[in-house]
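Work through these exercises with the model open. Try each task before reading its solution.

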Amino acid sequence: MKIEELFEDWSQDSVLDKTELGDESLKIPKLHSKYYQRLVQERLILKKLEADMKQLKLGKWEFYTQGPSDESREKGWEMPAKGMILKQEVQWYMDADKDIIDVSLKIGIQQEKIEMLTSIVQTLNNRGYQIKNAIDWLKFINGGS
């Protein structure tokens with residue numbers, strides 16, 4: 001799921017109908033379930049990306065330290081123009097490697113989605129209190145106790 005889709009869904013689901021606070025209260029468990037399921041799914045995707053990154057880093061390290069293999073050629077990996085690199089330079093090349101940067105960016109986006117979903121779930125955990133406060137306020141302004 002794209003982060004933009006999460007923003008769109010939450011912008012709709014976060015709105016409380018002030019005229020139907022009882023119904024809004026009853027929606028909380030369903031919304032909590034929806035966003036908690038998404039949170040778990042996105043966490044699993046993050047774990048997969050992190051595992052992929054570990055494998056990629058190992059493959060790139062072997063590639064940069066031992067030279068090309070049939071497997072690395074199939075993946076389209078190419079050595080730097082100067083050829084073999086010194087071991088002390090390997091980390092520089094890995095830090096600037098396009099494949100590693102791409103997976104790092106995917107991990108960063110995934111972490112942002114998880115932060116957002118965690119925040120949404122926490123907000124939903126507090127929604128009952130917000131609704132109760134709104135009901136109490138309406139009672140107060142209408143002269144009730």
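The model is a predicted one.

**Exercise 1. Overall form**

Task: Count the helices and strands, then decide whether the protein is spread out or a compact globule.

Solution: 
- Start with the elements. The protein has 5 helices and 0 strands.
- The order is α-α-α-α-α.
- Finish with the box along the principal axes. The C-alpha atoms fill roughly 80 × 25 × 20 Å.

**Exercise 2. Along helix 2**

Task: Check the span of helix 2 against its residue count, then find where helix 2 bends and what comes just after its end.

Solution: 
- Helix 2 covers residues 21-66, which is 46 residues.
- Last, the end. Just after helix 2 comes Gly-67, with a positive phi of about 90°.

**Exercise 3. Helix 2 against helix 5**

Task: Describe how helix 2 packs on helix 5, and sort the residues of their contact by type.

Solution: 
- Two packed helices are described by the angle between their axes and the distance between those axes.
- For helix 2 and helix 5 (residues 98-141), the angle is about 165° and the axes are 8 Å apart.
- Angles over 145 degrees count as roughly antiparallel. Helix 2 is therefore roughly antiparallel to helix 5.
- The crossing of helix 2 with helix 5 is left-handed.
- The contact residues comprise 23 nonpolar, 8 polar and 11 charged.

**Exercise 4. Placing helix 1**

Task: Is helix 1 roughly parallel or roughly antiparallel to helix 2, and which applies to helix 1 with helix 5?

Solution: 
- Take helix 2 as partner. The axes of helix 1 (residues 3-13) and helix 2 cross at roughly 165° and come within 12 Å.
- Helix 1 and helix 2 are therefore roughly antiparallel. Their crossing is left-handed.
- Now take helix 5. Helix 1 packs on helix 5 at about 15°, with the axes 10 Å apart.
- Angles under 35 degrees count as roughly parallel. Helix 1 and helix 5 are therefore roughly parallel.
- The crossing of helix 1 and helix 5 is left-handed.

Methods. Residues numbered from 1 in each chain as written. Predicted model: local features only at pLDDT ≥ 70, side-chain atom pairs only at ≥ 80, totals over all residues. Heavy atoms only, no water. Helix = DSSP H or I, 4+ residues; strand = E, 2+ residues; numbered from the N terminus. Expected span 1.5 Å × (residues − 1). Bend = angle between axes of the 7 residues up to and from the residue. Axes fitted to C-alpha atoms, helices over the stretch in contact; angles between N-to-C directions. Parallel < 35°, antiparallel > 145°, perpendicular 65-115°, else oblique. Left-handed = near helix turned anticlockwise from the far one by under 90°. Nonpolar A, V, L, I, M, F, W, Y, C, P; charged D, E, K, R; others polar. Rg over C-alpha atoms; globule rule 2.2 N^0.38 Å.
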